[in-house]
Amino acid sequence: MKTLRELREQAVALAEVRAITRALKLSKGNKSTASRILDIDYKTLLTKIKKYNIS
């Protein structure tokens with residue numbers, strides 16, 4: 001059985017992957033535009049793309 005913390009981390013990761021994937025699709029792969037759509041710093045977006053292995 002997973003702990004509440006593990007479940008939360010898994011849910012956050014899934015939500016982040018979905019949001020980033022959608023923003024990249026809307027921006028036609030333009031990471032700068034995607035970061036603006038998500039209202040996060042460009043470097044933060046790059047870090048999360050690497051963390052979640054999003055291509």
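**Entry 1: Lys28**

I started with Lys28 and found it exposed, at 78% relative accessibility. This is a predicted model, so I read each value here as computed from its coordinates. Next I looked up where Lys28 sits: the residue lies in the loop between α1 and α2. I then checked its backbone and noted a positive phi of about 55 degrees, although Lys28 is not a glycine. Its place in the chain is just after α1.

**Entry 2: the helix before that loop**

I turned back to α1, which runs over residues 4-26 and has 23 residues. From first C-alpha to last I get a reach of 33 Å, close to the 33 Å expected at 1.5 Å a residue. Which residues of α1 are buried? I list Ile20, Ala23 and Leu24.

Leaving aside residues up to four places away in sequence, Ala23 touches Ala34, Ile37 and Leu38.

**Entry 3: the core**

How many residues make up the largest nonpolar core? I count eight in all: Ile20, Ala23, Leu24, Ala34, Leu45, Ile49, Tyr52 and Ile54. I see that α1 and α3 each supply at least two residues of this core. The largest share, three residues, comes from α1. I was pleased to find the buried residues of α1, namely Ile20, Ala23 and Leu24, again in the core list.

I went to the start of α2 and found a side-chain oxygen of Asn30 reaching to within 3.0 Å of the backbone nitrogen of Ser32. Then I moved on to what follows α2, which is Asp39. I wrote down its phi as positive, near 55 degrees.

**Entry 4: after α3**

Last, I looked at Asn53, found in the segment after α3. Its phi is near 55 degrees, a positive value in a residue other than glycine. Is Asn53 buried or exposed? I have it as exposed, because its relative accessible area is 69% and the cut-off for exposed is over 50%.

Methods:
Residues numbered from 1 in each chain as written. Predicted model: local features only at pLDDT ≥ 70, side-chain atom pairs only at ≥ 80, totals over all residues. Heavy atoms only, no water. Helix = DSSP H or I, 4+ residues; strand = E, 2+ residues; numbered from the N terminus. Expected span 1.5 Å × (residues − 1). Buried < 20%, exposed > 50% of the residue type's maximum accessible area, 1.4 Å probe, protein only. Core = buried A, V, L, I, M, F, W, Y, C linked by side-chain atoms within 4.5 Å. Contact = heavy atoms within 4.5 Å. Polar contact = N/O pair within 3.5 Å; in protein donor to acceptor, adjacent residues only side chain to side chain.
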